[in-house]
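Here's a quick tour of the inside of a protein chain. Have the viewer open and follow along.

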Amino acid sequence: MKIFCIGRNYAEHAKELGNAVPDEPVVFMKPKNALLQPHMPFYYPEFTNELHYECELVLRVCKNGKYIQEQTASRYYDAITTGIDFTARDLQQVLKTKGLPWEKAKSWDNSAVVGAWVPLADIADRLDIAFSFKKNGELVQEGHSNQMIHSFDAIVAHISQYFSVNIGDLIFTGTPAGVGEVVVGDQLEAFLGEKSLLKLEIK
């Protein structure tokens, strides 16, 4: 199982971090041990003093493929959920300043959290999927799939030009504006529409 992640896929988020809006999907990966297993606690990692949440829509791959065309890409994913791509922002900035890869800031154990899966067949309009994220009951992020720079199908097609996609792979599709810091004790909750799919406490 592979975890693909798309960076800078919402223009306002790219701007809030001072990054250029990309012409093509920005792809990075997390190893399978980055996925927090269900019912396991999430602990604040010891190597950072600035842990950030990034709430995203996550796709589940249902078919093996390579060199997929955008017009057929929708056949390769069948479910969606909300997820959190945790980032050690202070470590990321140090690594970026040095021109070094920043997997240590993004891809550490348990840095990817996903909620309950919803079949895409149950989604009335997958081009306009609303999602939101609350920290301690306060709304801090909200987005719609139609605000993405690169659509689900464009993302799947692009990834498959470089990597095979396989059944069970996950694709984090990017975060909207509003990312921010968490501390021990924070209560996080992510929604698809009005439905709560993910709850997490920072321990």
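Which residues have the most contacts inside the largest nonpolar core?

## The cores

This is a predicted model, and its largest nonpolar core takes in 45 residues. Ile-80, Ile-84, Phe-86, Leu-192 and Leu-200 are the ones with the most contacts inside that core. There's also a second, separate core of 9 residues, with Ile-3, Phe-28, Ala-34 and Leu-35 among them.

Back to Ile-84. Leaving aside neighbours within four places in sequence, Ile-84 touches a list of residues including Tyr-53, Val-113, Phe-133, Phe-172, Leu-188, Leu-198 and Leu-200.

## An enclosed helix

Now pick out helix H4, residues 152-160. It's largely enclosed by the rest of the structure, because 8 of its 9 residues are buried. Among the buried ones are Phe-152, Ile-155, Val-156, His-158 and Ser-160.

What covers the buried residues of H4? The cover includes strands S1 (3-7), S2 (26-30), S4 (55-61), S5 (77-85) and S11 (170-172).

## Strand S13 and its partners

Strand S13 (residues 187-192) has 5 of its 6 residues buried, so this strand is also largely enclosed. S13 pairs with strand S9 (residues 130-135) in the antiparallel sense over 5 bridges, and Ser-132 sits opposite Phe-191 of S13.

S13 is also joined to strand S14 (residues 195-201), again antiparallel, by 6 bridges. Here Leu-192 stands opposite Lys-195. S13 and S14 make a hairpin with 2 residues between them, and Gly-193 in the turn has a positive phi of about 65°.

How values were computed:
Residues numbered from 1 in each chain as written. Predicted model: local features only at pLDDT ≥ 70, side-chain atom pairs only at ≥ 80, totals over all residues. Heavy atoms only, no water. Buried < 20%, exposed > 50% of the residue type's maximum accessible area, 1.4 Å probe, protein only. Helix = DSSP H or I, 4+ residues; strand = E, 2+ residues; numbered from the N terminus. Contact = heavy atoms within 4.5 Å. Core = buried A, V, L, I, M, F, W, Y, C linked by side-chain atoms within 4.5 Å. Pairing = 2+ DSSP bridges.
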